[in-house]
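Trainee: Could you take me through this structure, starting with the ligand site?
Mentor: Gladly. Here it is.

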Amino acid sequence: MARASSIHVCSDCGHETPRWHGQCPGCGAWNTLVEEAVARPTPNGRRGGGGGGGQAVAPVALGEVRAEAVARLSTGIGELDRVLGGGVVPGSLVLIGGSPGIGKSTLTTMALANLVAAGRRVLYVSAEESAAQIKLRAERLGPGPDRPALRIPVIAETDLGAVLATLERERPEVCVVDSVQTLHSAGLSGAPGSVGQVREVAGEIMRVAKTHGIAVLLVGHVTKEGALAGPRVLEHLVDCVLQFEGERERTYRTLRTLKNRFGSTSEAGVFEMRQDGLVEVLDASARFVGEATRAPGSVVLAAMEGSRPLLVEVQALVSESDLEIPRRVVSGIDRNRLALVLAVLARHGGVGVGTSDVFVNVVGGVRVDEPGADLAVALAVASASRGIALTSAPTAPVRPGAAGAGRGEAAAGAGEPADPLLACFGELGLTGELRTVAHAERRIAEARKFGLRTIVTPEAGTLRAALRTLRRPEPAQAPRKVAAR
Ligand code: TYD
Ligand code: MG
């Protein structure tokens with residue numbers, strides 16, 4: 001019975017076979033057969049999916065569609081609510097992806113604790129950890145007087161059928177399923193986490209959740225490459241996909257929206273992992289600028305984290321290599337992007353690092369996957385290679401009126417630094433030109449806010465012009481041809 005309830009379908013040609021094969025008997029493609037549950041008979045006895053025989057439905061003009069304003073449920077975690085577009089939408093399905101140990105269970109437990117404290121019905125389904133392990137985590141969180149984290153109802157269950165039955169009976173308003181790869185449907189023979197299983201598990205949970213208006217936070221593991229063997233196949237199914245990023249050993253983590261049917265996809269939140277759970281970092285720019293060094297090889301990048309500007313420190317180290325093929329080690333930026341920047345630096349900037357090892361790091365474990373980071377990487381590498389720190393001279397031209405506006409804590413905390421930091425952003429073109437990037441005004445405003453007055457922007461025109469910031473300060477100040485606005 002269990003075997004007969006599933007078939008294997010080729011994801012390329014659609015060929016169906018009762019048993020799994022490595023190679024599709026239909027089209028000959030390898031590893032394309034995915035197990036699927038046989039469609040259940042519909043109430044009128046027909047197998048679903050067939051053409052004809054259905055009831056006609058009257059179309060409605062969009063203007064007449066009644067859309068009730070949904071009251072969102074606040075998770076009590078500001079950054080999470082913002083990333084979700086203002087809180088959890090009742091009845092929605094949210095997929096939270098991230099590598100193991102990044103803090104998915106911590107974040108979802110904290111959200112449920114806040115919802116419990118607000119009097120909401122919740123349920124935590126753990127298919128990964130025992131109830132005792134979840135309790136241990138909950139004890140570290142929320143040391144408040146009534147310890148809401150300890151009032152979260154949990155089940156530790158790996159069988160999909162049991163989970164669905166529990167959902168039907170308990171009817172929580174918000175449910176966490178941790179994780180989608182460890183639940184198992186008895187109807188399919190595939191191992192938990194296989195594409196067929198993950199699809200079946202998510203599909204069934206969605207069916208029950210939509211019927212009863214249960215908002216579900218599905219936790220899923222993602223590999224480092226983002227290949228998400230399981231959860232990627234769910235992206236079209238769920239309403240919202242959040243990605244939890246950062247490195248396990250680092251304290252800072254970012255939560256990004258990859259898809260959101262109820263809000264913007266350009267949001268991101270920054271968290272810090274502490275002893276007692278994840279803490280929102282509201283003043284991330286101030287932190288990173290405050291910690292920034294003024295040594296050669298360091299520069300502040302005015303980046304965009306979603307729709308929010310964020311100042312981060314980019315560091316580079318260039319050292320003589322003893323290898324035939326020198327090392328190119330990156331953290332927080334794309335490796336291929338570094339290759340491009342190094343090539344442009346050598347060809348158009350006069351900075352060749354061909355025989356040296358190059359290390360580039362975005363401090364704090366932040367990832368900046370945007371073209372606007374190019375200039376920062378180029379300046380950091382050039383600065384490291386020449387051993388000259390990037391600083392803005394006090395004579396730097398300043399746009400009148402905007403200069404003193406809101407000097408940030410970073411600068412204020414360090415007193416009046418003699419050599420204020422310099423910020424930059426811009427994309428590098430292959431011919432050595434600087435290209436404009438989105439949200440220039442907001443990046444500049446953020447840098448100003450934290451007391452960075454010299455900002456090298458794409459208005460500098462070319463990489464060569466931008467590199468002039470690297471000149472050693474001369475006694476008679478040379479005219480600065482850098483767009484400092
Ligand atoms: P976890 O949420 O279990 O990660 P995931 O579910 O994504 O696999 O926890 C991640 C790490 O965070 C874990 O190694 C322990 C650490 N941690 C803290 O540092 N502080 C805390 O309060 C908690 C709960 C966990
Ligand atoms: Mg976990």
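Trainee: Which elements each supply at least two residues of the shell around ligand 1?
Mentor: Elements here are DSSP runs, helices being H or I with at least four residues and strands E with at least two, numbered from the N terminus. A residue is near a molecule if one of its heavy atoms lies within 4 Å of it. The elements asked for are helix H2 (104-117), helix H3 (131-140) and strand S11 (268-274).

Trainee: What are the ground rules for the numbers?
Mentor: This is a predicted model, so local features need pLDDT of at least 70 and side-chain atom pairs pLDDT 80 or more, while totals for chains, interfaces and linings use all residues. Residues are numbered from 1 along each chain as written, chains are lettered from A and ligands numbered from 1 in written order, and side-chain values use heavy atoms, without hydrogens and water.

Trainee: Which element gives the most to the shell around ligand 1?
Mentor: The shell has 14 residues, and Ser105, Thr106, Arg137, Arg274 and Gly277 are the closest. Three residues of the shell come from one helix, and that helix is H2.

Trainee: How do the shell residues divide by type?
Mentor: Ala, Val, Leu, Ile, Met, Phe, Trp, Tyr, Cys and Pro count as nonpolar, Asp, Glu, Lys and Arg as charged, and the others, Gly among them, as polar. On that basis, the shell around ligand 1 holds three nonpolar, six polar and five charged residues.

Trainee: How far is the polar side-chain atom of threonine 106 from an oxygen atom of ligand 1?
Mentor: A polar contact is a pair of N or O atoms within 3.5 Å; within protein, one must be able to donate a hydrogen and the other to accept it, and residues adjacent in sequence count only if both atoms are side-chain atoms. Glycine 101 has a polar backbone atom 2.7 Å from a ligand 1 oxygen. Arginine 274 places a backbone N or O atom 2.6 Å from a ligand 1 nitrogen. For the threonine 106 side chain, the distance is 2.5 Å.

Trainee: What span should H2 have?
Mentor: The expected span is 1.5 Å times one less than the number of residues. H2 has 14 residues, and its end C-alpha atoms are 20 Å apart.

Trainee: How many residues of H2 are buried?
Mentor: Buried means under 20% relative accessible area, exposed over 50%, and partly exposed in between, with a 1.4 Å probe and protein chains only. Lys104, Ser105 and Thr106 are among the buried residues of H2. H2 is mostly covered, and the count is 12 of 14.

Trainee: Is threonine 211 buried or exposed?
Mentor: Threonine 211 sits in helix H5 (residues 195-212). Its side chain reaches the backbone oxygen of arginine 207 at 2.5 Å. With a relative accessible area of 57%, threonine 211 is exposed.

Trainee: How many disulfides are there?
Mentor: A disulfide is a pair of cysteine sulfur atoms within 2.5 Å. By this rule the count is zero. For cysteine 13, the nearest cysteine sulfur is that of cysteine 27, at 3.6 Å.

Trainee: Which peptide bond is cis, with omega near 0 degrees?
Mentor: Look at the loop between strand S7 (174-178) and H5, where serine 179 lies. The cis bond runs from aspartate 178 to serine 179.

Trainee: What is phi of histidine 439?
Mentor: Histidine 439 lies in the loop between strand S19 (434-435) and helix H10 (440-449). Histidine 439 is partly exposed, at 40% relative accessibility. Its phi is positive although the residue is other than glycine, near 60 degrees.
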